[in-house]
Amino acid sequence: MQDSEFQHNFHTHTFRCKHAKGDVADYCERALTYGMKTLGVSDHSAMPDDRWLQARMHYIDLPEYTGAIDRAREQFPGLRIVKGMECEYVPEHRNWYEDELRGEYEFDYLIGAAHFFLDEDDDWVGTYGGTNSAKALVEFANYNVKMMETRLFDFIAHPDLFGNCYAEWDANCEAASRDMLAAAAEFGVGMEVNALGIRKQAAKSASNPYPLYPWLPFWELATDYDVQVIVNADAHRPEDLQGKTGEAFAIVEQLGLRHMDVDALGNRSIVQGETA
Ligand SMILES: [Zn+2]
Ligand SMILES: [Zn+2]
């Protein structure tokens, strides 16, 4: 598949996270130009305690963010626009995701993403640079499993992000990956093959010893589990809405992995029907 054939993107950021460009309407215009059918907007989540502000919107920005999505739905009726956010899971805010995000703001879907994870002492560790030991891989996997157990999240972004600082695939990687994949199968949570990772791999310097992500052995292991996967652009600029999604789909197709149903994802009536 060519990048230009990619039609359903559920991983899109706006300027509000401070490291992306463009607003919802800019992505909508670009998506229509590219002939796309679905735009899932999923900026880095605000947090009720305004933690980790360097790469996310402020809590006070939340109504303005959801308003921008609502307005775009009126402005671009030819595009399916789905309301989401990319969230770390902070256990003490368990009810907030459900009551305020899923409830009050009517988010259609939430992405679970461990840019931070809890270590064995319940302290937060940054995933970039932090998944560089056997112990950290166990903690990263446990955290992702905990996130999936909540059933708050439709899919997990870049579950193989530990490749950012772990150089060689080994038994620790395999054990961590198997724990995450088994949980994904058990709880029916999708696993994302992230095309931004492929763009980063294409741009990385020769001196970088790390594989980054997607890390192929993770996806080879996925064939042992009844998991569904999803390809997303993880766009931080409108022009990246399809970038390297063809290569991401090549991984899915070569391994015979099953892609999530893109019509059901974010469709609240279908989700509610299933869980009723
Ligand atoms: Zn980002
Ligand atoms: Zn993202």
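Mentor: Start with a term. Two residues are in contact if their C-beta atoms, placed from the backbone, lie within 7 Å. This is a predicted model: local features need pLDDT of at least 70, side-chain atom pairs count only at pLDDT 80 or more, and totals for chains, interfaces and linings use all residues. Residues are numbered from 1 along each chain as its sequence is written, while chains are lettered from A and ligands numbered from 1 in the order in which they are written.

Trainee: What do the buried residues of helix 1 pack against?

Mentor: They pack against strand 2, helix 2 and strand 3. Helices (H or I, at least four residues) and strands (E, at least two) are DSSP runs, numbered from the N terminus. The protein has nine helices and ten strands.

Trainee: Which residues in helix 1 are buried, and what makes a residue buried?

Mentor: Count neighbours. A residue is buried if 20 or more other C-beta atoms lie within 10 Å of its own, exposed if 12 or fewer, and partly exposed in between; the C-beta atoms are placed from the backbone. In helix 1 (residues 24–33), Val 24, Tyr 27, Cys 28 and Ala 31 are buried.

Trainee: How do you know that they are on the same side of helix 1?

Mentor: They cover an arc of only 105 degrees around the axis, so they sit on the same side of helix 1. The arc is that of the directions from the helix axis to the C-beta atoms. An α-helix has 3.6 residues a turn, so residues three or four places apart point the same way.

Trainee: Why is Glu 106 called exposed?

Mentor: Glu 106 has 11 C-beta neighbours inside 10 Å, so it counts as exposed. Glu 106 is in the loop between helix 3 (94–104) and strand 4 (109–112). Its phi is near 55 degrees, a positive value in a residue other than glycine.

Trainee: And why is Asp 122 called exposed?

Mentor: Asp 122 has 7 such neighbours inside 10 Å, so it counts as exposed. Its loop lies between strand 5 (116–118) and strand 6 (124–126). Phi of Asp 122 is near 65 degrees, again positive in a residue other than glycine.

Trainee: Why is Leu 255 called partly exposed?

Mentor: Leu 255 has 15 C-beta neighbours inside 10 Å, so it falls in between the cut-offs and counts as partly exposed. Leu 255 lies in helix 8 (residues 245–255). Not counting residues up to four places away in sequence, Leu 255 touches Trp 219, Glu 220 and Thr 223.

Trainee: What makes strand 8 and strand 9 a pair?

Mentor: Two strands pair if DSSP finds at least two bridges between them. Strand 8 (residues 190–194) and strand 9 (residues 228–232) have four bridges, in the parallel sense. Val 193 stands opposite Val 231 in strand 9. The open sheet has eight strands in the order 1-2-3-4-7-8-9-10, with parallel pairing.

Trainee: What makes strand 1 (8–9) and strand 10 (258–259) the edge strands?

Mentor: Each pairs on one side only.

Trainee: How do you know that the radius of gyration agrees with a compact globule?

Mentor: The radius is taken over C-alpha atoms, and the globule rule is 2.2 Å times the number of residues to the power 0.38. For 276 residues, a compact globule would have a radius near 19 Å; the protein has 17 Å, which agrees. Buried residues make up 44% of the 276 residues.
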